Amino acid sequence: MTTARPDLAIDGLMAELEELAKISEAPAPVVTRVVFSEADLRARAYLKQLCHDAGLVVREDAVGNTFARWNGSDRQLTPIGTGSHIDAIPNAGKFDGCVGVLGGLEAIRVLQKLGFKPRRSIELVIFTAEEPTRFGIGCLGSRMMGGALTPEHARALRDKEGRDLEELRTRAGFAGPLESVALRPGYFHQFIELHIEQGPQLEQEGLDLGLVTHIAAPASLRITLLGEGGHAGATLMPARKDALTAAAELILALEEAARSSGAIDTVGTTGVCEVFPGAVNSIPSRVRLECDIRDIDEARRDRVIEAMRIACMNVESRRSVRIQLELVNADPPAVCDAAILDALEESAIAAGRKFKRMVSRAYHDSPFISRIAPAAMLFIPCRGGVSHRPDEYASPQWIGSGVHVLARTLSHLAS
Ligand code: GLV
Ligand code: MN
Ligand code: MN
């Protein structure tokens, strides 16, 4: 095992993060990079060039998941995986996902510079569409890799403009049967995802690293309300079937169900509210809500989903609107692999970093990889716990610590 000294090129890595952030659908400092957009494709090209420059062998699957492999000396052995995503929600920052991709690449380059020769291959993965922005479901690429989304269900996915996955992936240049995306169990020997915490704990406690033991259970709902439109002046209040006021009740019902769950770990968010026709003098006839519900306890999370079903029935009968509730996904929490966590801990101690074991409240691609291989996550702090915002920030020191410990651990696991 190499000692993986902290002689990583942190300035170069920070410059690459800046360069990647410039590839955005919105002007700086905002990063918006929706999957299969022109920006996403340019960002992929940038990353692939960096991987080629590092001598990695690059391949892409039918949905655009990208694998960049540093071949080990024993090709019979399954690889050690690392990586994350580069797509970004609207109005996002520079670090979510990108730290795990460019940091993973930097970890490989550090080991190359140190003259380390891996016995197992080390494979960097750039997952397609970790964010749910385009298709309404998170972790599209890893979900398919882990067999948690069937090709049939994937083929039925559409974006808001009605374009389906087949059309969009083909236009983006990704061909081949979707059936080939699922990886066989044991494809990776082990997998580690480096990521910003997206919460405040590590910074508040003055820690360098979080070793993630569990990843919270996310679920999302799509709720469509169909009322009756009409003239905002001429339709009197008793005659109204306003889809938006009905939706407002559901938004508050979600907040109430999450707040009253009995645990601080339950969170509920209505992040999308689309109103039709969206004219000030027209009664809303149709509303689409998208709700995100999470908890570290699956049963408690499911009770919030149930509360929403009941709220939909109540509002429907009281307000004479039609309400359709669709459960888009309800994923179980993931447990990170004990042996990888021990290896991360050993590396963190050897590197003199302060760390703790913790739960991830955000979701990630790792839970889906954990369905086919042992997986774990390594968190670094982010300023003020801020994420999914343009002012998201992780310092070079924090990123350097993460990459250093990742490199050490990869070298250990690949030896
Ligand atoms: C991932 O982006 C999440 O929403 O947790
Ligand atoms: Mn994100
Ligand atoms: Mn992320």
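A: The answer starts with the metal site and then moves to the surrounding details and the helix packing.

This is a predicted model, in which local features need pLDDT of at least 70 and side-chain atom pairs count only at pLDDT 80 or more, while totals for chains, interfaces and linings use all residues. Residues are numbered from 1 along each chain as its sequence is written, chains are lettered from A and ligands numbered from 1 in the order in which they are written, and side-chain values use heavy atoms, with hydrogens and water left out.

Start with the manganese ion (ligand 2). Its protein donors are Asp-96 (OD), Glu-131 (OE) and His-388 (NE2), at 2.0 to 2.1 Å. Donors are N, O and S atoms within 2.8 Å of the metal (3.2 Å for Na, K and Ca), and a site may look incomplete since water is not among the atoms. Written as a pattern along the sequence, the spacing of these donor residues is D-x34-E-x256-H. Asp-96 and His-388 link distant parts of the chain, being 292 residues apart. Asp-96 sits in the loop between strand 5 (88-92) and helix 3 (98-113), and His-388 in the loop between strand 17 (375-380) and helix 12 (396-414). Helices (H or I, at least four residues) and strands (E, at least two) are DSSP runs, numbered from the N terminus.

Asp-96 has 8% relative accessibility, so it counts as buried, whereas His-388, at 32%, is partly exposed. Buried means under 20% relative accessible area, exposed over 50%, and partly exposed in between, using a 1.4 Å probe and protein chains only.

Now the manganese ion (ligand 3). It is coordinated by His-85 (NE2), Asp-96 (OD) and His-195 (NE2), at 2.0 to 2.2 Å. Its donor residues follow the spacing H-x10-D-x98-H. The two manganese ions, ligand 3 and ligand 2, lie 3.7 Å apart, and Asp-96 coordinates both. His-85 belongs to strand 4 (residues 80-85) and Asp-96 to the loop between strand 5 and helix 3, so this pair ties together parts that are 11 residues apart in sequence. His-85 counts as buried because its relative accessibility is 0%.

Val-31 is in strand 1 (residues 31-33) and is buried, with a relative accessible area of 1%. Leaving aside residues up to four places away in sequence, Val-31 touches Ala-21, Ser-24, Ala-88, Ile-89, Asn-91, Ala-92, Gly-93 and Lys-94. Contact here means heavy atoms within 4.5 Å. The C-alpha atoms of Val-31 and Asp-87 are 9.3 Å apart, although 56 residues separate the two along the chain.

Some loops have backbone features worth checking. The peptide bond from Ala-28 to Pro-29 is cis, with omega near 5°, and Pro-29 lies in the loop between helix 1 (10-22) and strand 1. Phe-276 and Pro-277 are also joined by a cis peptide bond, with omega about 5°. Pro-277 is in the loop between strand 11 (267-276) and strand 12 (282-283). Phe-36, a residue other than glycine, has a positive phi near 70°. Phe-36 is placed in the loop between strand 1 and helix 2 (38-53) and is buried, at 8% relative accessible area. Phi of Gln-198 is also positive, near 70°. Gln-198 is in the loop between strand 7 (190-196) and helix 7 (201-204), and is buried with a relative accessible area of 19%.

Finally, return to helix 12, whose partner is helix 1. Their axes come within 10 Å and cross at roughly 110°. Axes are lines fitted to C-alpha atoms, for helices over the stretch in contact, with angles from 0 to 180 degrees between N-to-C directions. The angle makes helix 1 roughly perpendicular to helix 12. Angles under 35 degrees count as roughly parallel, over 145 as roughly antiparallel, 65 to 115 as roughly perpendicular and the rest as oblique. Ile-10, Leu-13, Met-14 and Leu-17 of helix 1 meet Pro-396, Ile-399, Gly-400 and Val-403 of helix 12. By class, this contact has seven nonpolar, one polar and no charged residues. Ala, Val, Leu, Ile, Met, Phe, Trp, Tyr, Cys and Pro count as nonpolar, Asp, Glu, Lys and Arg as charged, and the others, Gly among them, as polar.
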